[in-house]
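Subject: Handing over a structure, with notes

Dear colleague,

I am passing on the structure below, together with some notes on what was found in it. Please keep it open beside this message while you read.

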Amino acid sequence: MARSDRLPIRYTLQDYPNQPTPQPQPQPQPIKRHHTARYYAHRVRESLTNRVIKILCTIFLSLLLFVGIVLFILWLSLRPHRPRFHIVDFNVPGLSQPSGFENAQITFNVTDRNSNPHIGIYYDSMVGSVFYKDQQIGSAPLMDPFYQEPKTTTIVYSTFGAATLTVNSNRWKEFMDARQQGTVIFRLEITSVIRFKVTTWDSKHHKMHVNCDVAVGPDGTILPTWKNKKCPVYFS
């Protein structure tokens with residue numbers, strides 16, 4: 001195929017001087033709105049209203065936070081804490097005697113601590129019971145009704161004798177068998193009906209249970225590792 005000897009020709013505006021030059025399109029001008037004095041007064045009032053509402057909301061939220069903090073502090077300071085009991089002493093004097101059940105005796109000493117700084121406790125009743133292998137072997141009232149001041153400790157002690165213990169020869173033989181192993185474990189349970197006193201207000205009655213597991217040695221005295229042990233407390 002034969003190649004063309006013609007060169008490409010380009011045309012410019014200079015070749016056509018009579019052609020009109022395209023002009024740029026004018027941009028639309030923004031419409032200026034003229035507002036009245038009433039409009040500006042309304043805008044000022046609206047701005048002041050929003051500012052006042054924000055200030056009032058800030059003041060309200062600040063007061064709400066302050067009141068919440070004060071109530072939380074009061075709740076922490078006036079919330080009653082349960083008493084703390086520790087077993088101090090527990091003895092079975094006749095444990096070393098084969099026929100000790102005839103004059104069996106159990107003595108104990110427990111501390112009752114009211115750790116509340118502003119709350120007193122009314123003890124309307126207090127009953128102590130001794131258990132061996134979850135079998136009750138004695139029970140008796142411990143103290144007359146009393147009021148315990150805040151931040152004070154009360155010593156609860158008593159002696160269970162033949163009139164309050166139900167120990168027969170078979171039960172005593174179980175004590176002696178455990179004694180041969182070096183340890184006899186009992187459980188002292190203290191049941192009380194209490195009320196908390198907050199300034200001039202008294203709470204409703206609560207039934208409180210204190211469980212003190214305690215172990216004695218062959219001589220019937222509390223073992224050192226069990227002395228001053230904290231007793232669990234729960235309500236029912």
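Arg187 is buried, with a relative accessible area of 18%, where buried means under 20% relative accessible area, exposed means over 50%, and partly exposed lies in between (1.4 Å probe, protein chains only). Arg187 forms a salt bridge with Asp134, and the closest N and O atoms of the two are 3.6 Å apart; the term stands for a side-chain nitrogen of Lys or Arg within 4 Å of a carboxyl oxygen of Asp or Glu. This pair links distant parts of the chain, 53 residues apart, since Arg187 is in strand E7 while Asp134 is in the loop between E3 and strand E4 (135-141). Helices (H or I, at least four residues) and strands (E, at least two) are DSSP runs, numbered from the N terminus. The phi angle of Asp134 is near 65 degrees, which is a positive value in a residue other than glycine.

Before going further, please note that this is a predicted model, in which local features need pLDDT of at least 70 and side-chain atom pairs count only at pLDDT 80 or more, whereas totals for chains, interfaces and linings use all residues. Residues are numbered from 1 along each chain as its sequence is written, and side-chain values use heavy atoms, with hydrogens and water left out.

By the rule given above, the count of salt bridges comes to six. One of them is formed by Asp124 with Arg195, with the closest N and O atoms 3.0 Å apart. Asp124 lies in strand E3 and Arg195 in strand E7 (residues 184-198), so this pair ties together parts that are 71 residues apart in sequence. Asp124 counts as partly exposed, at 27% relative accessibility, while Arg195 counts as buried, at 17%. Arg195 also has a salt bridge with Asp202, where the closest N and O atoms are 3.5 Å apart, and Asp202 is partly exposed, with a relative accessible area of 32%. Through shared partners, the salt bridges join Asp124, Arg195 and Asp202 into one network.

Turning to the cysteines, how many disulfides does the structure hold? The structure holds one, a disulfide being a pair of cysteine sulfur atoms within 2.5 Å. Cys212 and Cys231 are the residues joined, with a distance from S to S of 2.1 Å, and the link is right-handed, with 115 degrees about the S-S bond. Because Cys212 lies in strand E9 (residues 206-216) and Cys231 in strand E10 (residues 229-231), the pair ties together parts that are 19 residues apart in sequence. Cys212 counts as buried at 1% relative accessibility, and Cys231 counts as buried at 3%. A further cysteine, Cys57, is partly exposed, with a relative accessible area of 40%.

Two loop residues come next. Ser115 lies in the loop between strand E2 (106-114) and strand E3 (119-132), and at 14% relative accessibility Ser115 counts as buried. If its neighbours within four places in sequence are left aside, Ser115 is in contact (heavy atoms within 4.5 Å) with His81, Arg84 and Lys151. Lys151 lies in the loop between strand E5 (146-148) and strand E6 (152-160), has a phi angle near 55 degrees, a positive value in a residue other than glycine, and counts as partly exposed at 46% relative accessibility.

Finally, here is the wider view. The protein has two helices and eleven strands, which follow the pattern α-β-β-β-β-β-β-α-β-β-β-β-β when read along the sequence. Of its 236 residues, 31% count as buried. Of the contacts in the protein with a separation of 6 or more, 71% are between residues 24 or more positions apart. The accessible surface of the protein comes to about 16900 Å², and 58% of it belongs to carbon and sulfur atoms; such areas come from the Shrake-Rupley method with a 1.4 Å probe, and for residues only the protein chains shown count as cover. Val52, which counts as partly exposed at 46% relative accessibility, has its place in helix H1 (residues 37-78).
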